[in-house]
Amino acid sequence: AGVRERVVEIDLSDLDRDTPQPGWNLFALERRTPGEAADRVEAFVDALAAALRWDERNTRALNLATQAAQALVELAQHLPAELAPTIFQVPTLLSDPDWREAALPFLTGGTAGFFRDRFPRLPAEAVTAVTNIIDRLRAARPVAALLGAPASSYDAARAMRDGLIVLACPGSGSTRDRLIANLLVYDVLHAAKARAAIAPERRRPFWVFLDELQTYDGPNLPVLLEQSAKYGGRAFLFNQNPERL
């Protein structure tokens, strides 16, 4: 008593079981500010890059993921919270021309210009690098339950603020599991960076424990860990082989 009420459990270890999951929309905006929207986009793209080992050789996939996420968070700022787009609207945006055309009036000039002028010039197969992995997420019912709800009952910033205990098991280590793990971790680290707007005396300390550290290793991980330390974060990093640290 007094502890169990603070626990949030995200357990995707058994994909054959209809386990109840929290709702977590990566593109839902609590404060609906441009800064929060930018953090959501960065967290999504950082997670994809780390999970799929994208680097400067994958510029087209990175740009498509960035533009799609930017478009969806811009839509989220116009739509009611219960209609906010989720990660599963990324394939819709990239593959359904009628849906994309209907969304264009609600996007900023730069984002709308990309989808109106540059996107049609890309080869049709260009989108598969982004859409394939998201289709794999949707195919697992517990994952679809976690990521498919427009409204979020789990939010990293609220968890830090309220002192919640989040226990997350993304699965046994497939590419899909690795992506979920990275989505969780980079969301936490970008939420920590956003605490710069909170007065230091109001930043509640939080601890994050990351097992199998190589799972999250991406170009932006060291910088995000350093920044989270400035804003009350403390990370414990684990790995079975010290040489991989």
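Before the helices, one definition: axes here are lines fitted to C-alpha atoms, for helices over the stretch in contact, and angles run from 0 to 180 degrees between N-to-C directions. Helices are DSSP runs of H or I with at least four residues, numbered from the N terminus.

This is a predicted model, where local features need pLDDT of at least 70, side-chain atom pairs count only at pLDDT 80 or more, and totals for chains, interfaces and linings use all residues. Residues are numbered from 1 along each chain as its sequence is written, and side-chain values use heavy atoms, with hydrogens and water left out.

Now to α1 and α9, the latter being residues 175-193. Their axes come within 8 Å and cross at roughly 145°. On the α1 side, the contact (heavy atoms within 4.5 Å) includes R40, E42 and F44; on the α9 side, it includes Y186, D187 and K193.

Next, salt bridges, meaning a side-chain nitrogen of Lys or Arg within 4 Å of a carboxyl oxygen of Asp or Glu. The structure holds seven. In one of them, R40 meets D187 at 3.8 Å, N to O. R40 sits in α1 and D187 in α9, 147 residues apart. Both R40 and D187 are buried, that is, under 20% relative accessible area, with exposed being over 50% and partly exposed in between (1.4 Å probe, protein chains only). R40 and D187 also belong to a network of salt bridges with E36 and D155.

A second bridge joins E42 and K193, with the closest N and O atoms 3.3 Å apart. Because E42 lies in α1 and K193 in α9, this pair ties together parts 151 residues apart in sequence. E42 counts as partly exposed, at 36% relative accessibility, and K193 is partly exposed at 23%.

Conventions. Helix = DSSP H or I, 4+ residues; strand = E, 2+ residues; numbered from the N terminus.
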